[in-house]
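This briefing is meant for a reader who is meeting the structure for the first time. Please keep the sequence and the model in view while reading.

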Amino acid sequence: MQNDLMKEATELLAGLGNSLLISAIGIALGIGIGLVLGAIRYARIPIANIAIVGFVNAFRCTPLLVQIFLLFYALPDIGIRLTPFETSWLALALWGGAYQTEVFRAAFEAVPKGEVTAARALGLPAFQTFLDVTLPIALRMAITGTTTTAITQFRSSSFMIVVGYQELTYVANRIVSDTFKVFETFGIACLMYLLVCSILSALSRTFERRLAIPGLGVVK
């Protein structure tokens, strides 16, 4: 009995590890995509802006589950085959990147105009002003939105059960199929999801407090 519990707990931890792996890759790439595309949106480069709006709308206005099916089952029709692992982190990265793009665009536009005007008045070129003034302030302002999207990406890693990637929900479902311990197994899985999301939230609040800019009201 005890050996069975240890075995199931070990399998769930392995599933959690796989969930964390694809989430970490997806979150990192999503933040990178969002930062670059958000900056281009802020710069209002005409043709690029239209293309980015199309990308953001495509991934924000369609279900993540449909996007996963397209990546895993439709791409082979045009000669591109992805493994369950590749599909998982790529789906999270693209979906998260679309949301992060709007998070960073909003943060850039929320930077007080007076700060930018003062920098330009001192003779800083536009790009240097963006790097030295707009970007540092916007990154602080984007912490809450970025964390919210990251938590959603982690929770959405459970969708990867549909492509057979052995993340936490997949493993829990397999254990339930073998043991019929529905309450215990999914209860532990829920606690694992809750613990990780709580840690991410706590880290976000810590960063917000430590990086707060007096007078800008970023953190209460």
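Is the crossing of α4 and α7 left-handed or right-handed? In this model, which is predicted, the crossing of these two helices is right-handed.

**The chain as a whole**

- Read from the N terminus, the elements of the protein chain follow the order α-α-α-α-α-α-α-α-α.
- Taken along the principal axes, the C-alpha atoms of the protein chain fill a box of roughly 75 × 45 × 20 Å.
- Of the 220 residues in the protein chain, 39% are buried.
- When contacts with a separation of 6 or more are considered, 77% of those in the protein chain are between residues 24 or more positions apart.

- Helix α2 covers residues 46-60, which is 15 residues, and it reaches 21 Å from its first C-alpha to its last, close to the 21 Å expected at 1.5 Å a residue.
- The buried residues of α2 include N49, I52, F55, V56 and F59, and because the buried residues fall within an arc of 125° when seen down the axis of α2, they line one face of the helix.
- An α-helix has 3.6 residues a turn, so residues three or four places apart point the same way.
- On the face of α2 that is turned away from its buried side are the exposed residues P46, I47, I50 and A51.

**Helix α3 and its packing**

- In helix α3, which spans residues 64-74, the buried residues are L64, Q67, I68, L71 and F72.
- Seen down the axis of α3, these buried residues fall within an arc of 115°, so they too line one face of their helix.
- The partners against which the buried residues of α3 pack are α2, α4 and α7.

**The pair α4 and α7**

- Helix α4 (residues 84-110) and helix α7 (residues 143-156) pack with their axes 10 Å apart and at an angle of about 165°, which means that α4 is roughly antiparallel to α7.
- On the α4 side, the residues that meet α7 are L92, A93, W95, G96, Y99, Q100, V103 and F104, while on the α7 side the residues that meet them are G145, T146, T149, A150, T152, Q153 and S156.

- With neighbours within four places in sequence left aside, I143 is in contact with S204, F207, E208 and L211.
- I143 and P76 are 67 residues apart along the chain, and their C-alpha atoms are separated by 37 Å.

**A residue of α9**

- S201 lies in helix α9, which covers residues 182-210, and at 24% relative accessibility S201 counts as partly exposed.
- Although S201 and T144 are 57 residues apart along the chain, their C-alpha atoms are separated by 8.8 Å.

**Two loop residues with positive phi**

- R44 lies in the loop between α1 (2-43) and α2, and R44 has a positive phi of about 55° although it is not a glycine.
- With a relative accessibility of 55%, R44 counts as exposed, because the cut-off for that class is over 50%.
- F180 has its place in the loop between α8 (168-179) and α9, and F180, which is not a glycine, has a positive phi of about 65°.
- At 70% relative accessibility, F180 counts as exposed.

Technical notes
Residues numbered from 1 in each chain as written. Predicted model: local features only at pLDDT ≥ 70, side-chain atom pairs only at ≥ 80, totals over all residues. Heavy atoms only, no water. Helix = DSSP H or I, 4+ residues; strand = E, 2+ residues; numbered from the N terminus. Expected span 1.5 Å × (residues − 1). Buried < 20%, exposed > 50% of the residue type's maximum accessible area, 1.4 Å probe, protein only. Arc of directions from axis to C-beta. Axes fitted to C-alpha atoms, helices over the stretch in contact; angles between N-to-C directions. Parallel < 35°, antiparallel > 145°, perpendicular 65-115°, else oblique. Left-handed = near helix turned anticlockwise from the far one by under 90°. Contact = heavy atoms within 4.5 Å.
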